Amino acid sequence: MDVTPDKQNIDNLFSSKTYYIDFYQRQYKWTEEPVRTLLDDIFYKFNTEYRRYKDNGVELNKLLERYSWYYLNTYVTNSIDGKIYIVDGQQRLTTLTLILIKLYHAANAAGSGLKGWLSNKIAGQSGYQVEFWMNHEKHKTAMRGLFEGKSLENIDITSGITAVNMINNYKVISAMLDKELSDNKHKLESFIFYFLKRLVLINLNVEQTDVPMVFEVINDRGVKLKPFEILKGKLLGQIEKDELDKLGLNELWDAQISKINQYNDDKIDEFFVYFLRSKFAKTVGDARKFDRNYHRGIFLPEVELEFSLQHSSKSVKRFLLNEFHYYTELYCKILQYYVEPHKEYMSVYYNGLNEMDSQFQLILSACELNDGQEAEKIKLISQEVDRLYSLLQLQKSYDSNEFNEATYLIATEIRGQNIVTIKSVFDKYLLSMLSEARGVQTTQPISYSYFKDTGIELNKRFKRYFFARIEQFIADHTNMKMKHTFYDLVANTGSVNGFHIEHILSNNDKNLSAFGDDVERFERERNRLGGLLMLKGKDNISSSNELYQDKLKTYANTLYWNETLRQDSYKAKIDFSNMIRSYNLKFRHMDQFGPDELEERHMLLFSLIAIIWA
């Protein structure tokens, strides 16, 4: 590897070379804190020297030779076809350019003869064109606005986050330099000499073939790049720049990253983890190889057999144009359905409410490149994940560790398979997990004996989700609209507007007597799902420990499931009667509520479960 170090001050750094921002580099993302830290460090050193020599009377240019130099760190470049690209260090170099622009305006305002010197450190001129040494090609308008002294509020920042941060950081720099240097021309000019002559950086110039390796190593220090940023460098760094431009691979990468990260800055990391797990992990142990170090895991031998991404620009181009493009698009679709309900893909949304993110891995696993059954697979797999999770929960057979292990086994078996096979795999694991949990071989996906005692012990979110699904079933089959959104029913837990699970039978003497004053039996029975319902915050509070007949009044105008306990819910309701008749459901109003009514209600829920999660 050929690495050429070169020590230089800022006067030499910005003199005749134009620095292009390489695709490895992030946007300019420094915020106020690192900018302040940099300037605080520089001024601490400068002020110590200035106080020592300010009254010396020696000419500034010679006096600065007595100032000790200040090391500003290293930056890495790569020269290709006569152009110099910044591989690492653009955050610092861009900030130094913003400081130079402020010093230029300060020198101009002070009538200093150093104005021209500073101008030449910011940009050079070729004909009528002014070229900034730090060539942020997409953000020249913002840079030019700063250089020309335009009002910050009027500078166009629509080019992106780099322009936004340039303006914001310039405000910080301007305030700090004004505080340190205003009304003191001698100190200003001393600082300009110090800044240009005594601040030193080390330039490492590396060969094109070594850039991906160097790029990862140098980011083990300082503010680390994220794994997907390192991966970008390691992949795109293998491709010649003319091909990158011709195929638009840098733009493709950035566009797909932006599409995914619009939901959350960590989503692209999740994509790569799910993608690699979906194609190569068979167990939880396998999956660990592709966690946050996926930028290394993607070069493991088993992945290399499939994609050959190490030392093969041809394979990298194929991967980016095909697998990367297709699966990031697929992931974006799933994310859309995950965060907002879509009629055709409601199960994706349901799983999101239950935090069942295993659907991402399973869908990516089942879908082949440019899969013709993509839509059907998204629907089926999301439905099956919801069915598997819900039926295990409702039959007291759910174990989070076993469910997680099963996810990898299912993903392996449905990898690239068709709809029929996928369905059979899920059915097999549902029966297997029910049998394992109960210690008895079962051939039916739902059994009342498994469901009979299910109730209050279910986790809070799932209980709300369960009653939301019951509510939706009634609404859909009676041509009524849901009174509340699924999000409000499941995820809104506020004391006023949130929904909460309540016992139909309050803990009082009259209710206890209906169970033969057997406290243990009473608590066990009233905790079953048939003895529970869901109420909004204030409704929940208002019903407190009332007798059932008093509670019944509060159920009016709440949720449909609650209202089915009331007689007026059955009057002249043709659609409701049709639903009961079509599905042979034993709905009826209940003027009193004891052990028999609770059992009847619980059995009715079982009948609905058998329909909803058939």
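Predicted model: local features only at pLDDT ≥ 70, side-chain atom pairs only at ≥ 80, totals over all residues.
How close do the axes of helix α6 and helix α7 come, and at what angle do they cross? Residues are numbered from 1 along each chain as its sequence is written, and side-chain values use heavy atoms, leaving out hydrogens and water.

**View 1. Helix α6 (residues 140-147) meets helix α7 (residues 161-181), their axes coming within 9 Å and crossing at roughly 20°.** Helices here are DSSP runs (H or I, at least four residues), numbered from the N terminus. Axes are lines fitted to C-alpha atoms over the stretch in contact, with angles from 0 to 180 degrees between N-to-C directions. The two helices are therefore roughly parallel (angles under 35 degrees).

**View 2. Side by side, A142, M143 and L146 of α6 meet A163, M166, I167 and Y170 of α7.** Contact means heavy atoms within 4.5 Å. By class, this contact has 7 nonpolar, no polar and no charged residues (nonpolar being Ala, Val, Leu, Ile, Met, Phe, Trp, Tyr, Cys and Pro; charged Asp, Glu, Lys and Arg; polar the others, Gly among them).

**View 3. H311 sits in the loop between α16 (301-307) and α17 (313-339).** Its phi is positive, near 60°, though H311 is not glycine. With 73% relative accessibility, H311 counts as exposed (over 50% relative accessible area, 1.4 Å probe, protein chains only; buried is under 20%, partly exposed in between).

**View 4. K396 lies in the loop between α20 (374-394) and α21 (400-414).** K396, also not a glycine, has a positive phi of about 50°. Its relative accessible area of 44% makes K396 partly exposed.

Key: Parallel < 35°, antiparallel > 145°, perpendicular 65-115°, else oblique.
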